[in-house]
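Dear colleague,

Please read them with the model open beside you.

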Amino acid sequence: MRPLTDSCPKPLLKVRGRPLIVWQILNLVRAGITEIVINHSHLGHMIEDALGTGEQFGAHLAYSAEASPLETAGGVAQARHLLGEAPFVAVSGDIYCPHFDFEQVKTALEDNDVWGNPHPSDKRDVAWLYLVKNPDFHPQGDFALHSFSIANEGEPRFTFANIGVYRSEIFDGIVPGQHAKLAPILRAYADRGQVGGEVYRGDWFNVGTPEQLAQLNRPFNERNSS
C-alpha cells in the first residue's frame with residue numbers, strides 16, 4: 001500500500017469516508033461486542049490518537065503495542081492479558097467487509113453438544129474460520145471445507161477471510177513478544193479435525209494496493225462499469 005502507508009497505518013485508510021478499522025468496530029458494536037483489543041505496530045500511535053477510548057463508537061478499546069510486527073499468533077500471545085481465557089473473535093483491521101454480522105461469532109465455538117453434554121477437550125473445535133470465494137490474487141485458496149470442517153487438502157478450496165473465532169489455549173505455547181504465524185497452528189489442528197468453518201458470501205475485500213483502494217472509493221456505477 002505504499003506510498004499511502006508511509007504516513008498512515010493501513011487500518012486508517014478510508015473507504016467511503018470511513019477508516020477500514022472503523023467499519024470493523026461499528027459492526028462489532030452492532031452485534032453487542034464492545035470490549036475490543038487492537039494490536040498495532042507501524043505508526044500505531046496514530047491509531048490510538050484517531051480512535052481513542054472508543055467511546056464515540058460505543059466501545060471500550062484497549063491497545064496492545066508491538067515494537068515490531070509479531071504476526072497474528074504472536075500478536076494474540078502478546079495481548080493475552082487483555083483478552084482473557086474465553087473464546088474470542090479476531091479480525092484484521094485492514095479488510096473491508098461492511099456487512100459482516102458479528103452476531104454469528106458468539107455461538108461459533110460451543111462447549112457442549114446439542115444435548116448439553118460437554119465436548120471432550122481433545123475433540124472439540126478450537127477455531128472457527130470464515131472463508132470467502134478465492135479472489136483473483138489468491139486463486140489456489142487456503143483451505144478446503146467439508147461439512148463445516150476445515151481441511152488442509154481437498155476441494156473445493158476457499159480463502160481465509162481473516163475473520164476467526166479462537167480458543168485461547170491454542171496460543172499457550174507462544175511466549176509474549178515472540179514472532180509467530182497463525183497458519184501453522186491452524187493447519188496442525190485442522191489435521192486433527194478440530195477446526196470448523198463456513199463460507200461468508202457477502203462483500204469482502206483485502207485492500208492490497210492503492211489502486212484497489214481507489215476502486216472501492218469510486219462511485220458505484222463507475223465501479224460496475226470498469
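A nonpolar core is taken here as a set of buried Ala, Val, Leu, Ile, Met, Phe, Trp, Tyr and Cys residues joined through side-chain atoms within 4.5 Å, where buried means under 20% relative accessible area with a 1.4 Å probe, protein chains only. This is a predicted model, in which local features need pLDDT of at least 70 and side-chain atom pairs count only at pLDDT 80 or more, while totals for chains, interfaces and linings use all residues. Residues are numbered from 1 along each chain as its sequence is written, and side-chain values use heavy atoms, with hydrogens and water left out.

The largest nonpolar core has 39 residues, and those with the most contacts inside it are I25, I38, L51, F100, F102 and Y130. Elements that each supply at least two of its residues include α1 (20-30), β3 (35-40) and β10 (157-166), the helices (H or I, at least four residues) and strands (E, at least two) being DSSP runs numbered from the N terminus; α1 gives the most, with seven residues. Leaving aside residues up to four places away in sequence, L51 touches I21, V22, I25, I38, Q56, F57, L61 and Y63, contact meaning heavy atoms within 4.5 Å. A second, separate core of 25 residues includes V76, A77, V126 and A180.

For the protein chain as a whole, the secondary structure comes to seven helices and twelve strands, and buried residues make up 45% of the 226 residues. Its C-alpha trace spans about 50 × 40 × 30 Å along the principal axes.

With best wishes

Key: Buried < 20%, exposed > 50% of the residue type's maximum accessible area, 1.4 Å probe, protein only.
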